[in-house]
Amino acid sequence: QGTQGTTGVQGTQGTQGLTGLQGTQGTQGLQGIQGTQGTTGVQGTQGTQGLTGLQGTQGTQGLTGLQGTQGTQGLQGPGLDFTFKQTLWVDPNGNNTTALPGRFDLPWQTVESAVTYLITNNLPEHTIIVMPGSYNENRITIDNINSGLTILLNGGVTINMNSGSYIELVDGGKLNIQGIGHPLTKSLLPGDGATIIGAGNIPMFRMDTESICKLNIHNVQLYVKVTTQGTIISANNAGGATDINIKLDNCSISQDSTLDTANIIAFRNAAEVNVVEIYDTYIFTKSNTIIDCTFSTTDPYEFYIHARNNTFYADSQITTANQGFIEVRAHQNNNQDVAITLSGNKFYTTNQIASADVWMYYNPSAANGAALVDSVTSNVSNGFGTLLGATYFTPQIPMVAGLNLIKPNEFNG
């Protein structure tokens, strides 16, 4: 073979052919590294707060904690096991069968039954406490066996004496009745005081004794709505009585009888010594006489009356020529000695009948009078006169009648 000849001169390049179709895209390459973050822009102003959303439902309650240790027990009080020594209780819900003395949880139902228990068991110097309520009572007797009895009436107590029934003090009987609250006036409107209402056909209190009787009433209203008998207290010497003592203090006392014999306090045979004390009390009567002791011209006695700061009101039209708010016979020749101290009392009468002369004190034995009267402070009346049949020891202290006075409708205690 011969040697290759030299390469000929390259010809001019031909025109480029058409571009072929593009091939499918290759897979994406890896992401490059993130560039550094730019600086944070200025924060914008805060927008207005939106409305509060609805409250969610309450969650379940947690478990109760452990109970603490119990404290030490306090001292035990007297409770119902304590027995008072000389006290009995009365209550409308009481029971006269199961009641026991000294037990306020076992009261009697009536005052009469409690008083009778004291007599039956020979128990003097006791106290009966009556709780508020209304009581209908039969005859209540105080004698030398249950003597020294105190009956304490709470405010709101009303004792109604049944027909023919009364509170009786016989030989050696000593009774003290104390009320709590303010006694009412002559009306029976509800109030906070204690009230005893008489039967109306017999005196409310009877003191029939052959020895000693003492009655003390404090801060109680006594009232008799009359049927046939309006006397509040009837005192009688049943034979040989040595001492009858009556004391009324801060009471309101009234009766509606127009009978001349219906007195607030009436003595039918006096004892050897008789004492009536009335202090700070309002007394109203449809009759004319508050205190009467005019039964005998011959029986000897001593009679003492102390009346201070009272209102005596007689709404009477009795036509008797001489009448007295106080009428106690004093006959000198028969040793009937009467001594009266009147201080600061108001005597008021509606009786303006010309023939009816109404006196503060009238002695039916005026011609033979031995009554002595004195005063510590002045007494006034719108009645006819002051004293008839008495010697006034202290004329320098006025006792004045015939005055214009205000009708005393209300209790002054």
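1. In this predicted model, the charged end of arginine 308 sits over the ring of tyrosine 279, at 4.2 Å from its centre. The criterion applied is that NZ of Lys or CZ of Arg lies within 6 Å of the ring centre and within 35 degrees of the ring normal. Arginine 206 and tyrosine 166 form another such arrangement, with the charged end of the arginine 5.0 Å from the centre of the tyrosine ring.

2. On conventions, the model being a predicted one, local features need pLDDT of at least 70 and side-chain atom pairs count only at pLDDT 80 or more, while totals for chains, interfaces and linings use all residues. Residues are numbered from 1 along each chain as its sequence is written, and side-chain values rest on heavy atoms, with hydrogens and water left out.

3. The whole structure holds twelve aromatic pairs, where rings of Phe, Tyr and Trp (its six-membered ring) pair if their centres lie within 6.5 Å, and planes under 30 degrees apart count as stacked, over 60 as edge-to-face and the rest as tilted. One of the pairs joins phenylalanine 82 to phenylalanine 84, with 5.0 Å centre to centre and 80° between the planes, which is edge-to-face. Phenylalanine 84 also pairs with phenylalanine 104, and because their centres are 6.5 Å apart and their planes stand at 65°, this pair too is edge-to-face. That pair links distant parts of the chain, since phenylalanine 84 belongs to the segment before strand E1 (87–90) and phenylalanine 104 to the loop between E1 and helix H1 (111–120), 20 residues apart. Helices (H or I, at least four residues) and strands (E, at least two) are DSSP runs, numbered from the N terminus.

4. Phe82, Phe84, Trp89 and Phe104 form one aromatic cluster. As for exposure (buried means under 20% relative accessible area, exposed over 50%, partly exposed in between, with a 1.4 Å probe and protein chains only), phenylalanine 82 is partly exposed at 42%, phenylalanine 84 is partly exposed at 32%, and phenylalanine 104 is partly exposed at 42%.

5. Strand E10 (residues 205–209) has four of its five residues buried, and is therefore largely enclosed by the rest of the structure. E10 pairs in the parallel sense with strand E7 (residues 167–169) over three bridges, pairing here requiring that DSSP finds at least two bridges between the strands; phenylalanine 205 in E10 is the bridge partner of isoleucine 167. With strand E13 (residues 233–237), E10 again pairs in the parallel sense, over five bridges, and asparagine 237 in E13 is the bridge partner of threonine 209.

6. Threonine 341 lies in strand E23 (residues 336–343), and its relative accessibility of 21% is why it counts as partly exposed. Beyond neighbours within four places in sequence, threonine 341 is in contact (heavy atoms within 4.5 Å) with Ile305, His306, Ala307 and Asp374.

7. Leucine 387, in strand E28 (residues 385–388), is buried, with a relative accessible area of 16%. Neighbours within four places aside, leucine 387 is in contact with Trp359, Tyr361, Val373, Tyr392 and Met399. The C-alpha atoms of leucine 387 and alanine 371, 16 residues apart along the chain, are separated by 9.9 Å.
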